[in-house]
Each structure stands twice: as structure tokens, then as C-alpha cells.
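Thanks for coming. I will take a few minutes to walk through one structure, going from the whole chain down to single residues.

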Amino acid sequence: MSDLLSIREASQWATNYLDKKVTTSNISYLIQYGRVPRIGENGTTQIKKSDLIDYYKKNNRTKEERWKEQLGQDLNWILSFSEYKESETTKHVHRLHPYKGKFIPQLVEYFLDDHIDKFKKEVFFQKGQTVLDPFCGSGTTLVQSNELGVNAVGIDISAFNSLISNVKVLRYDLGDIRIVVNNITKKLIEFLSSKKNTEFEKALSDELKLFNNKYFPSPEFKYKVRSKEIDDKIYGPEKADEFLPGYKSLLKKYNIQLSQKSNEGFLNKWFIQEIRDEIDFVFEEIKQIKNPTTKRIISIILSRTIRSSRATTHADLGTLVEPQTTTYYCKKHGKICKPSFSIFNWWLRYAKDTIKRIKQFDELRTKMNNNLFKENEKLQKVT
Ligand SMILES: C[S@@+](CC[C@H](N)C(=O)[O-])C[C@H]1O[C@@H](n2cnc3c(N)ncnc32)[C@H](O)[C@@H]1O
């Protein structure tokens, strides 16, 4: 075999070399994220065996070895749950709404479930018993208890966290949710038809695509950054400045309003005017929903949508340093990115995703009680 390998050959070679299964997707990932350089164009992609050897020599210590080196040899590796994929740690209703302080469900299973006791000596709960989580946050314990046939009671001081917990364990009329979502979506489309922001966003995306293909080709750009051929701290902002006049002329052409009248308060500061108008529109629609459980879950869809529509960079979704209302160099994606100009796509995506997740949980849930607690009315109005 020569030094040049196709993706398939590389996966076979690496499987032998590492004595563990390396799939073609693993190899594609290394190319896509610039870990090893690609030779040749799409369709005939190849990589050098010597580059793969260099990469594996540097990186092939196991995660367990690396973590133990940093945190101490007495680390209980079972509790790292490192074998789980993100789709498993955020399964079904656990991803109805983000919550930073969340347990992964596998941690709750570890402490509650009596059929995984191969990991431990003591089993804490048996089916039919009742668990109390007095700081239940986003409700992980309540959901997993239900799945495992254990009753659960949850309490939380935060009205919003209580709402998230409640929507995860409630039972729904899925037909009603679909009707309400379709109805709001239709009205939102009508509302947007008098505005120019979706057209603007499409034109902007088209221009960005051309610009990014030229100056940030994928995956070559990321590889050059990793191998320090390009300093993206200088190159990225320079190119972002170069793109800015085009962005401004599109704003003008489509008459897009960015700033709100006031910068005071979260909703004024972190959302551009166009998005704020859409949020207020959907919020008014939600107020009119008759069925209280449908109303709660749709409020959570809107809240998740609002969270993803904040005027911030992709790298700063968690901390929120400064509002980002222009296109910018995004280190995470290695190209020029843009803030959102409409909630529409997020709304549609999260509405579909929510219905799918509720159905998945419906298939797993037992008849156990998840005693709901009333969300604090006063706090709820504030959030
Ligand atoms: C780390 S979170 C728990 C996360 C949860 N295990 C989950 O998976 O989502 C801690 C929770 O305790 C709640 N909390 C803090 N002080 C409290 C109190 N005095 N009474 C009730 N809840 C409280 C917070 O609102 C927060 O939601």
C-alpha cells in the first residue's frame, strides 16, 4: 500500500494500526476538522499515511489516561459516562430545553436503577418506591424515575426550572399540539410576508457562501490554522472587516432594523428589533391557547427558540459578553458567520423536535407518579 490512502483504506489501515475499530466516519471527521490534511478534491479524497501516524502518535492516549493524569489516578472512571454519545445523554425529553446545570440521565440511572448494579455494591431504589429530589432543576430525576418505574417528587425554587421539569413529565394531546403549532406557524408566515428579513437573510447567506468558499475553504482553512500556517486571530477579523461593507449595503437595501428603541433589560439588549417583533407576535398567540398543557409545552418551544435567536456569536452562546449584530469571524466554524435575523427556522425546527421527543418518551414511560409542584405564579410572570 502506498503512502497515499483513500478514506476506506485509511480506516482499514488505522483499525490494524490501533488495534481498535476506526470507521470511515472517524477518518472523515479528522479531515473535516483539519486534524490531517486532505490530498485531492472531493470524490478522490486521499490522505497520507505518515500524517495519520503523526496524528495518532500525538493523540492516541485514551481519554481515561489523559483525565487520570490531570485529575488523579483514583478517579472513578465509571462515573465519567464517557462511553455515551451526546444523543444518549440528551435523549428524548431531556433536550426539550437547555439547562446548564443539568445531570445526564445516565447519572440518575446509576443511582436509581437496580439492573445496572454490576457497577456498584449498593442499590438505592427499587421499583415502586418514591424518590424526592428537593433541588430538581430541569427534572432529570423525575423523568428517569418514571422510565425506571420509581415514583418521584420534585421541588425547585426557580419557577422557570419548575416549568421545564413539569413539561418533561406531563402527558400531552399531541394532536392538539400539532394543530396549535401549525396555526401559529401559518400566522407567523403571514406576519413575515409583510417584512423583508427572510429575503434579506437568504441574500446574506448567498453572499457569505461565496465569500467563505473563497477565503475560508473547508477543510483546508482549519488545517492551515492548526498547523499555524495561518494566524486566524489576525486573518479572521481582517476578512470580517472586508465583508462588512457588503453586509451594510444589504441591510440598507432590505431596510432591516437592528437596534431596539431602548437597550435596557435583557429582551431589549440581546435581540435585534426584527426578532423581537416576531417573539412578541408568537407570545401573543400563545396567550390565547386554551389547553393548559399545550400552552406550557408551546411556551417551552418559544423559549428554546428565543434562546437560539439571541444576537450573539456561536462561540458565546453560554456567557453572553456583548450583543453581536453584524457578521463576524467565528472561530468555532472557521469562517464568517452571521447572527439570526428571524426566529422562523428555529421555531419550526424546535416544534418538530419537541413533538418527536415527547413521542419517544411516551414509548418508554411507565405509569409511575411524577408529582408535579405548582410553579410560583409571581415568579413566572417575571420570567
Ligand atoms: C444543579 S441544579 C439541579 C439540576 C438537576 N439535577 C437537573 O438535572 O436538572 C440545582 C437546583 O437547585 C435549585 N435550588 C437552589 N436553592 C434551592 C432551594 N432553597 N430550594 C429549592 N430549590 C433550590 C436551583 O434553582 C437549581 O435548579
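**Domains and overall layout**

The protein chain is assigned three stretches: domain 1 (4-60), domain 2 (86-169) and domain 3 (174-363). Those bounds come from an automatic or database domain assignment. Taken over C-alpha atoms, the centres of domain 1 and domain 2 are 39 Å apart.

Two remarks on how to read this. Residues are numbered from 1 along each chain as its sequence is written. The model is predicted, so local features need pLDDT of at least 70 and side-chain atom pairs count only at pLDDT 80 or more, while totals for chains, interfaces and linings use all residues.

The protein chain has 17 helices and 7 strands. Helices here are DSSP runs of H or I with at least four residues, strands are runs of E with at least two, and both are numbered from the N terminus. The C-alpha trace spans about 65 × 65 × 35 Å along its principal axes.

Of the 383 residues in the protein chain, 27% are buried. Buried means that 20 or more other C-beta atoms lie within 10 Å of the residue's own; exposed means 12 or fewer, partly exposed is in between, and the C-beta atoms are placed from the backbone. As for contacts between residues at least 6 apart in sequence, 64% join residues at least 24 apart. Two residues are in contact if their C-beta atoms, placed from the backbone, lie within 7 Å.

**A strand, a helix, a strand**

Next, a part of domain 2. Strand β3 (residues 130-133) pairs with strand β4 (residues 151-154) in the parallel sense, over 4 bridges. Pairing requires that DSSP finds at least two bridges between the strands. The chain gets from β3 to β4 through helix α7 (residues 140-148), and this β-α-β crossover is right-handed. Right-handed means that, with the strands pointing away from the viewer, the path from the first strand over the helix to the second runs clockwise.

How many of the 9 residues of α7 are buried? The count is 9 of 9, so the helix is mostly covered. Among them are Thr 140, Leu 142, Gln 144 and Glu 147. Just after α7, Gly 149 has a positive phi of about 80 degrees.

Helix α4 (residues 63-71) is hardly covered, with 0 buried residues among its 9. Gly 72 follows α4, and its phi is positive too, near 115 degrees.

**The ligand**

There are 14 residues around the ligand, and the closest are Gly 101, Phe 135, Gly 137, Ser 138 and Thr 140. A residue counts as near if its C-beta atom, placed from the backbone, lies within 6 Å of the molecule. Sorted by class, this shell has 6 nonpolar, 6 polar and 2 charged residues. Nonpolar covers Ala, Val, Leu, Ile, Met, Phe, Trp, Tyr, Cys and Pro; charged covers Asp, Glu, Lys and Arg; the others, Gly among them, count as polar.

**Backbone exceptions**

Most residues other than glycine have a negative phi, and most peptide bonds are trans. His 92 has a positive phi, near 25 degrees. His 92 sits in the loop between α5 (86-89) and α6 (105-112), and it counts as buried because it has 20 C-beta neighbours inside 10 Å.

Asn 255 also has a positive phi, near 55 degrees, and lies in the loop between α12 (232-253) and α13 (266-269). Is Asn 255 buried or exposed? Asn 255 is exposed, because 10 other C-beta atoms lie within 10 Å.

The peptide bond from Ser 218 to Pro 219 is cis, with omega near 5 degrees. Pro 219 is in the loop between α10 and α11 (220-226).

**Two last residues**

Glu 207 belongs to helix α10 (residues 197-215). With 17 other C-beta atoms within 10 Å, Glu 207 is partly exposed.

Ser 194 is in the loop between α9 (174-193) and α10. Ser 194 is exposed, since 6 other C-beta atoms lie within 10 Å.
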